[in-house]
Amino acid sequence: MDHYGLWGIIPPLLTIVLAFVTKDVIVSLFLGILSGALIIAGGNPGTALMNLTDLLAGSLADGWNIRIFLFCALLGGLVGMLNKTGAARAFGHWASSKLKTGTSSQFMTFVFGLLIFIDDYFNSMSVGTVMRPICDKTGVSRAKLSYILDSTAAPVCIIAPISSWVVTVMSIVRDSQGFKQMGMTEFEFFIKAIPYNLYALLALIMVLTVIFLKRDFGPMKASGELAKQGILFNAEKYGPAAGTIEEESEDNAKPVDMLFPIIVLIVSAVAFFPIVTWLGAIDGETITTMGQAIASMSIGDAFNDTDSSMALWYAVMFTITATYIYYLARGLLNLKEAGEALRNGIQSMLPALIILTMAWSIGTIIKSPRADGGLGLGLYLSQVVSDGSFPIQLLPCILFVLSAVISFATGTSWGTFGIMIPIGMPIVTGLATGQGMDPAGLTNAAMISMAAIIGGAVFGDHASPISDTTILSSTGASCPHLEHVATQLPYAFFVATCTFIGFIVGGFALNPVAAWAAALVVFVVGMIFLPRLLKAR
């Protein structure tokens, strides 16, 4: 038998339960992995610990994984240098001369959130620091500012092809049981699944709606009315404002200094995606030069067949080097400051890197067949669901709810990705195969199911009061944390409701257009009636 049967459900189930109880995803993931190692070792704790150690080391021995690990670490280093120079503040000061109204300052906050897509932490801290004085001047409540910060953090990072979030998801999807049935690269899968990512895209649409149509409701509207009276946050009801992010003292930075590394990262990543494919095509026999490699395939094939971990690794190395030299030449950093900024930025990524390694490890022990030292849970679940009559059409909405609950309770989407994706992928591919779906139907079912897991995880991260980005958003905006949570939750829950309806319809139609039509109908109706039903309070 290639699996341990129901025993295989213990590691993910234990991880979920412990995450609820302890609110510590790292410890929960570790104990989940340990429980799996104990099952495989027949209850021998010594053997289990040795196997667990080998498993963790093996996760980083994989070429793909170590490149993604280092990409995320250096991305943190790049953010550290950006923060140290004060470049984001300089860009904000330049923009402030153009902003005269509350609407324009809110929209500029939104635009900044889209531009700084490489990291959600940096987004919340830098944009909050830049836009807080501008929004204060134009009468925007701190609650609204923190909401915009939070809504352009995780939702933006999860749909931007070049971010630590996306490469994490791609790496977990790539190693999940059943993914090879898609017949495509993980990057191609991610790009094609973007239209199904209802929650992230709807969250951005919601921000634009309340900015331009002024359709605020509930506690957010009450905070907005106080702001019109000059009371930017409600200390009486929610307590004192969260601590502000300390600004850097560098005064020589210019707006271009913030744009330079972001542009370099985007351009170099786009360039390296086909370059990696072309380099890989040079076999020394039939293809011996780069020119022959380029001529041997279309540009589309070069993008689709690439190793995205190599492309992103080359891109971030190139960007770090170029940015390091640029900031030294500009006099924004000296050698000591640049080194400290890089080190501090990388250190800030350590919790995320630990979660990433744990996610790979629990995914490996869950999905690997018994012969390869795993539990074979994916194989078992695939057999169970494919032999049964479970309606695959309901799977996306169920996965969305489960992921949302886990992410909300734990405050982390990365941990939820690591728990749910290795479970969800074999279930959906097993159901699709068992019900005789053609390859196109199987691919669409997998895309909407993975998008449901991602959307639920992002919603939980967005709405949870213990989420790090929620905390950083209230801190960056200098808003009382409870006020940020109370004012944002109705908005996030409304978008999640629209998304849930969209996944129900999309699950039956296996079509993103149908999913969006259903979600947008609920969204429009809600935007018409909610401001009337939920008065300011």
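Student: Which helix holds T47?
Tutor: T47 belongs to helix α3, which covers residues 45–61. Helices here are DSSP runs of H or I with at least four residues, numbered from the N terminus. This is a predicted model, where local features need pLDDT of at least 70 and side-chain atom pairs count only at pLDDT 80 or more, while totals for chains, interfaces and linings use all residues. Residues are numbered from 1 along each chain as its sequence is written, and side-chain values use heavy atoms, with hydrogens and water left out.

Student: Why does T47 count as partly exposed?
Tutor: The reason is its relative accessible area of 30%. Buried means under 20%, exposed means over 50%, and partly exposed is in between (1.4 Å probe, protein chains only).

Student: And how far is T47 from S403?
Tutor: Their C-alpha atoms are separated by 32 Å. Along the chain, T47 and S403 are 356 residues apart.

Student: New topic: is helix α8 mostly covered or mostly open?
Tutor: Helix α8, residues 142–151, is mostly covered, with ten of its ten residues buried. Among them are R142, K144 and D150, as well as L145, Y147 and I148.

Student: What does the side chain of K144 meet?
Tutor: The side chain of K144 forms a salt bridge with that of D216, at 3.0 Å from N to O. A salt bridge is a side-chain nitrogen of Lys or Arg within 4 Å of a carboxyl oxygen of Asp or Glu.

Student: Where does D216 sit, and is it buried or exposed?
Tutor: D216 lies in the loop between α12 (198–212) and α13 (218–228), whereas K144 is in helix α8, so the pair ties together parts that are 72 residues apart in sequence. Both D216 and K144 are buried.

Student: How many salt bridges does the structure hold?
Tutor: The structure holds five. One of them joins the side chains of E188 and K192, at 2.9 Å from N to O.

Student: What does R174 pair with?
Tutor: The side chain of R174 meets that of D175 in a salt bridge of 3.1 Å, N to O. R174 counts as partly exposed because its relative accessibility is 28%, and D175 is partly exposed at 25%.

Student: Changing topic again, how many cavities are there?
Tutor: There are four cavities of 30 Å³ or more. A cavity is a set of points, on a 1 Å grid over the protein atoms alone, where a 1.4 Å probe fits but cannot get out. Points are joined across faces, edges and corners, and a volume is the space filled by probe spheres set on them.

Student: What is the volume of the largest one, and which residues are closest to its centre?
Tutor: The largest cavity has a volume of about 150 Å³. It is lined by 15 residues, of which V169, F189, F190, A193 and I454 are the closest to its centre. Lining residues have an atom within 4 Å of a point.

Student: Which elements give two or more residues to that lining?
Tutor: They are α10 (164–174), α11 (186–193) and α24 (439–463).

Technical notes. 1 Å grid on protein atoms, 1.4 Å probe; cavity = no way out; pocket = protein on both sides within 12 Å on 5 of 7 lines; lining within 4 Å.
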